[in-house]
Amino acid sequence: MLILLYQTDIMKNFLLFFVFLFVSFAMQAQEFQFEKETIDYGTVAKKSAGTRIFTFKNIGTAPIVIKRIQSTCGCTVPEKPEAPIMPGAKGTIKVSYDTNKLGRFNKQILIFSNAKQPRKVIRVKGYVSAEVSFEKEKSLLSDH
């Protein structure tokens, strides 16, 4: 009976240790928050500027390291920050979409990091029109 009570105490201590470890880890977790998780290009003209910037903030207590970023197709090229993003600091991810491809688009960008949620999805969407935008024509006319 004494051995059984001893084993129960050991198991309780063991369980408490793991709960403490889990809570400590969760409190130190890295976390980031995006200003926007989807950027809507709206309707853009063919061959117009396809680069947009996602801004995020490290709201955790430790640096965030973005290990890699991958897009769902070759028409979307993301660029990750090379340096760790410190707690309270902001970071950016530059995304370039190939506006030579006509039609509607909705693309995912996968971010792999050391954050509490190690895989994060952000998106770009919009419509590339074959028509030249009025703004582009206006700027061409004003140059002459």
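This is a predicted model: local features need pLDDT of at least 70, side-chain atom pairs count only at pLDDT 80 or more; totals for chains, interfaces and linings use all residues.
Residues are numbered from 1 along each chain as its sequence is written, and side-chain values use heavy atoms, with hydrogens and water left out. Local features need pLDDT of at least 70 and side-chain atom pairs count only at pLDDT 80 or more, while totals for chains, interfaces and linings use all residues.

Let's start with the whole chain. The protein chain has two helices and eight strands (DSSP runs: H or I of at least four residues for helices, E of at least two for strands, numbered from the N terminus). From the N terminus on, the order is α-β-β-β-β-β-β-β-β-α. Of the 144 residues, 29% are buried, meaning under 20% relative accessible area with a 1.4 Å probe, protein chains only. Among contacts (heavy atoms within 4.5 Å) between residues at least 6 apart in sequence, 66% join residues at least 24 apart.

Next comes an open sheet of four strands, in the order β2-β8-β7-β4 with mixed pairing; two strands pair if DSSP finds at least two bridges between them. β2 (38-45) and β4 (66-71) are the edge strands, each with a single partner, so one side of each has no neighbour in the sheet. Elsewhere in the sheet, β7 (residues 103-113) and β8 (residues 119-129) pair in the antiparallel sense over ten bridges. One of the details to look up is N106, whose bridge partner in β8 is K125.

Finally, take a look at T76, which lies in strand β5 (residues 76-79). T76 is buried, with a relative accessible area of 2%. Leaving aside neighbours within four places in sequence, T76 is in contact with S71, V95, S96, Y97, K107, I109 and V124.

Key. Buried means under 20% relative accessible area, exposed over 50%, partly exposed in between (1.4 Å probe, protein chains only).
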